[in-house]
Amino acid sequence: MVHSDDGTLDAIFAALSDSTRRSVLERLGEGGGLTVTELAQPHGMSLTGFMKHLRVLENAGLVSRTKEGRIVRCELSPQPMQEAAVWLSRYERFWAGRLDALARFLYHQEETAWRAQPPATKSAPRSPSDAASTLPPIKSGGRGPSRKL
């Protein structure tokens, strides 16, 4: 797990590790606050089971809940995801640099191999395999009918 002083990143990545929770965040990101029932409906699970997912998102700071009478609405809190994105961006720069170095190496290898090839001759192109052809020679058939004048 990712360790930080207050465990925030650990909670964020733990919350993002589940597809149900990522789906909830995606739906909340599309529009305003949705009710718990609206969020739970597409997941085909009990409301109690779904509430456990919401609790994980809320503990990570990714979702905030407000209660209006008997209706509980959820809203996306994007700030914790920004913290995770900043942490991940360091590794994105690392991998981008590594992949750029790999691309330069492969380009150099290709250029070196191309220059090392002997110049092409004017002879007929050769088959990539050095094996002799195994096809039997084509024999002509008998004489065809001749035209008489």
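Reader: How many salt bridges does the count come to?
Author: One. The rule asks for a side-chain nitrogen of Lys or Arg within 4 Å of a carboxyl oxygen of Asp or Glu.

Reader: What ground rules sit behind that?
Author: This is a predicted model, so local features need pLDDT of at least 70, side-chain atom pairs count only at pLDDT 80 or more, and totals for chains, interfaces and linings use all residues. Numbering runs from 1 along each chain as its sequence is written, and side-chain values use heavy atoms, with hydrogens and water left out.

Reader: OK. Which side chains meet in the salt bridge?
Author: Glutamate 58 and arginine 65, at 2.7 Å, N to O.

Reader: Why does glutamate 58 count as partly exposed?
Author: Because its relative accessibility is 29%. Buried means under 20% relative accessible area, exposed over 50%, and partly exposed in between (1.4 Å probe, protein chains only). Arginine 65 counts as partly exposed too, at 28%.

Reader: And what stands opposite arginine 65?
Author: Cysteine 74 does, in E3. E3 covers residues 71–76.

Reader: Zoom out. How many helices and strands are in the protein?
Author: Five helices and three strands. They are DSSP runs, numbered from the N terminus: helices are H or I with at least four residues, strands are E with at least two. Along the sequence the pattern is α-α-β-α-α-β-β-α.

Reader: What order do the strands have in the sheet?
Author: E1-E3-E2, in an open sheet with antiparallel pairing. E1 and E2 (63–68) are the edge strands, since each pairs on one side only. Two strands pair if DSSP finds at least two bridges between them.

Reader: How many bridges join E1 to E3?
Author: Two. Leucine 34 stands opposite cysteine 74, and threonine 35 has arginine 73 as its bridge partner. E2 and E3 are joined by six bridges.

Reader: What's between E2 and E3?
Author: Two residues, in a hairpin. Glycine 69 in the turn has a positive phi of about 70°.

Reader: Back to threonine 35. Buried or exposed?
Author: Threonine 35 counts as buried, because its relative accessibility is 13%. It touches Ile71, Val72 and Arg73, leaving aside residues up to four places away in sequence. Contact means heavy atoms within 4.5 Å.

Reader: New topic. How many residues does the largest nonpolar core have?
Author: 15. Leu39, Leu54 and Leu57 have the most contacts inside it. Helix H2 (19–30), helix H3 (36–40) and helix H4 (47–59) are the elements that give two or more residues to this core. Such a core is a set of buried Ala, Val, Leu, Ile, Met, Phe, Trp, Tyr and Cys residues joined through side-chain atoms within 4.5 Å.

Reader: What does leucine 54 touch?
Author: Val24, Val36, Leu39, Val63 and Cys74, again not counting residues up to four places away in sequence.

Reader: Which residues of helix H1 are buried?
Author: Leu9, Asp10, Ile12 and Ala15, in a helix that spans residues 8–16. The buried residues of H1 pack against H2, H4 and H5.

Reader: What about alanine 11 in that helix?
Author: Alanine 11 is in H1 and counts as partly exposed, at 28% relative accessibility.

Reader: Where is leucine 99?
Author: In helix H5, residues 79–116. Leucine 99 is exposed, because its relative accessible area is 52%.
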